[in-house]
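Trainee: Could we go through this protein together, one question at a time?
Mentor: Gladly, let's look at it first.

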Amino acid sequence: MSDAEMDDPLDEVWNEMKVHFLLEMPKVHSTPTSWPRMSAPAIAVLREHPKSISVAFEYLQHQLEHTLNEEVVPEFWKIIKGTPSLANQILQHLETLPSHPFVSAVSFLHRHWKRQMEIATKMDALGQDLGHQCHVLGQKSYEELYPVLLRGTLHSQLPHEFEKVLLPFYDATFHVFYVRQNSRFNADPDDSVADGTLNGCEGCKKDVDQCQCDKVLSIFNELNQQLIQMGLLERLTFNALTQTIHNRIEKHVQETCQGSFTISHLQKLEDWLDQVVMSWLRLLYVQFDPLQELALRSFRGRLVNHLYEVYTKTRIDQLFNIIIEFPDSQPALEDLKDCLGRTGLRPTLTENLTRVLSKKLLHLGVNTTDILTAYIAAIRALRVLDPSGVVLEVVCAPVRTYLRTREDTVRCIVQSLIDDSSSELADELKKNEGLSLDDSFYEEQDMDNWESWVPDPIDAPSISKGRRTSDIISMLVNIYGSKELFVNEYRSLLSNRLLSHFTYDTEKEIRNLELLKLRFGDAPLHQCEVMLKDIGDSKRINTSLHSADAGSAELNRQAFPVNAVILSAQFWPQFKQENLQLPQSVAQSLDVYTKAFETVKGNRTLVWKPHLGFANIDLELGDKKINLTVSPVHAAIIYQFQVKAEWTSEELAQTLKIPLATLRRRIVFWQTQGLVREISADRFALIEDGKMMRRPSGIGGTSSNSAASTMDEEDERDSITRNSRDQLNEELNVFWSYIVNMLINLEALTLERIYQMLKMFAMQAPSAVECDINEVRAFLDKKVRDHELVFTGGMYKLPKT
């Protein structure tokens, strides 16, 4: 038989195969009306020519690949590129969703997929008849091979902006479902309109009677069913779906938790995730493939983790406000504590909060009291957030360092402790009466429960005992690491309070002292006990001296009655050195009191502090009589105006033996009272009201109707004793001669070198003051401002003479 005769039967078979496998179809868009089967003679011919079988199947496979590469996939991506880039554009035209480019593209791809899968099925049937099996890309049938070819071809031609195109579509369709489910999730039983507002549907933005939500969800379900059938839903849309869900979670968390700190939100957010987000995912997957439920449970775990991470970051951004609003914000802190254990975002929290505290608190524009208030709130709040104390120690370390640089920190703390009005520290002092300072500094581990012992976190600082304290007062004292500094400051404040009262009542001060003794011990506060005892003794002595039986007749007859507060000099803080020349008649009254005291006390005498105390005076101006309680300096100033009506500042200051600056500051009080006016530069005159002002009376006593409100504010703020900073500066002056000798011998030294040499040679004496390098720096800087030192190139040197 010739070759031509052999080719004729194969030609007929080939023509039949082209019809059977639709190779004659002019367009891939058309759908065949019938699918003729291969005839038995054609199959018999192919069996007679085994080589032709492999050639035929290779050609058919090539046609499948060619159709995908050249016609179907390019057309699919061409249609998709027309998708609007913004979700709100889709929402505005939901009525056109059936012809939306993405819907049309998927519908087109699904129609081709159905026809090509039919061809692949027929290829498998023909291969079974001919004993031929597919062995391409690890697949054993053409029905399994075609989806692999489809996915590979789609991804090989994937446009760069594909996910940006899909994201608005899924975001818009999720919005419709989200509004529907979220309204049911938060539905009010008494609300008659659950799915929309009075004006329209929130999902599709249409009037309620023209709502398109059901239609949108129906089209969406059909589209996803087609993608699932083609095995493309997860591979093609997973990133867009995940991004859409993540965006919605972030938006919902922001809307739910914005400024709301008083209730817990975690459980409600998880319920929302289950009832809204997971319901949407089940709508995509499970209703078409129940086997996907297990995969969704795993995916839910990842979404819950993302939810916790978003919530944690949101709360971290709000943490400063949460701290300030504590304890009302405790539910938010409890939520954040749970989240930190699951997200591992504690380093982010500490870094963010440290930065925020530095920005909001650590600058000159914030009062020390406000910084302390925020620091106390941080202690309380962060103790709830992290019981280990690591976050508190790391975050507040810059705050503690900054507070050490402020001169009034100790005074503000002590003032708050003994404040008459209710304050946080005063309440804390009363609350923990039985807790000593040493106990709160070093809280021992409970060895009875050693099995439940938990080691410090890996990021805990190496020194951790101070961190375990649960007492706020102890942590404030630990800013300086020395309770002696606080005790000295308390003595200074106590002396000011005792000497600024117009009565001998010390009940509140005794109560505060007893509370502080529980914290600091009896020995450091012994001097304060003596101070309070002096006040009580002074009352008894004054009563005794002025009594008719034991009192001096001259003392009771004098024109200026005197009552004294008698202080034990060695137990009171050092007073500021101020001189005052009292009028002769007043000085004589003080001498009479001294003699009366010596008569009673034998070998003890009094050394007067004329600038301290109060003077109760009566001023007569015409028919008016004014009673005021003022300081001795104020009384002495107005007293001199009865000597002559006009004084210059220098003359009056020289007469009273006080600095000129002090006089100018004090005379302002009488100007504000309308009794003295400045007639020219530094020249003052008495304002007379028809008559000459008569002699003031009653200097040197206390008045029952004390006029403290008339004192100028500057006087009230003045401290009559040297505070801890003043004392420290004076003690540091002891080192000045050492520093000068160092610089004479070595010419120039750095701060660190000066401090090390002082520690080595000057601070070893038992009576020497101990100070840190920051205090030495402040002392040297003051010397630079006073032109006693020169600082250049990071080194201190003596100025050239």
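Mentor: About 40 Å³ of space lies in the second largest cavity. A cavity is a set of points on a 1 Å grid over the protein atoms alone where a 1.4 Å probe fits but cannot get out, and lining residues have an atom within 4 Å of a point. Grid points are joined across faces, edges and corners, and a volume is the space filled by probe spheres set on the points. This is a predicted model, where local features need pLDDT of at least 70, side-chain atom pairs count only at pLDDT 80 or more, and totals for chains, interfaces and linings use all residues. Residues are numbered from 1 along each chain as its sequence is written, and side-chain values use heavy atoms, with hydrogens and water left out.

Trainee: Which element gives the largest share of the lining of the second largest cavity?
Mentor: The lining consists of Val414, Leu417, Phe486, Val487, Tyr490, Leu516, Phe520 and Leu525. Helices H17 (409-417), H21 (483-500) and H22 (507-520) each give two or more residues to this lining; helices (H or I, at least four residues) and strands (E, at least two) are DSSP runs, numbered from the N terminus. The largest share, 3 residues, comes from H21.

Trainee: How many nonpolar residues are in that lining?
Mentor: Ala, Val, Leu, Ile, Met, Phe, Trp, Tyr, Cys and Pro count as nonpolar, Asp, Glu, Lys and Arg as charged, and the others, Gly among them, as polar. The lining has no charged and no polar residues, and its nonpolar residues number 8.

Trainee: Which strands stand at the edges of the open sheet of 3 strands?
Mentor: The order is E6-E8-E7, with antiparallel pairing; two strands pair if DSSP finds at least two bridges between them. A single partner strand is what each edge strand has, so one side of each is left without a neighbour in the sheet. The edge strands are E6 (748-749) and E7 (790-792).

Trainee: In E8, which residue is the bridge partner of Leu749?
Mentor: E6 and E8 (residues 795-797) pair in the antiparallel sense over 2 bridges. In E8, the partner of Leu749 is Tyr796.

Trainee: Which residue in the turn of the E1 and E2 hairpin has a positive phi?
Mentor: E1 (residues 615-621) and E2 (residues 624-630) pair over 7 bridges, in the antiparallel sense. Leu621 has Lys624 as its bridge partner in E2. The hairpin has 2 residues between its strands, and the one with a positive phi, of about 65°, is Gly622.

Key: On a 1 Å grid over the protein atoms alone, a cavity is a set of points where a 1.4 Å probe fits but cannot get out, and a pocket is an open set with protein on both sides within 12 Å along at least five of seven lines; lining residues have an atom within 4 Å of a point.
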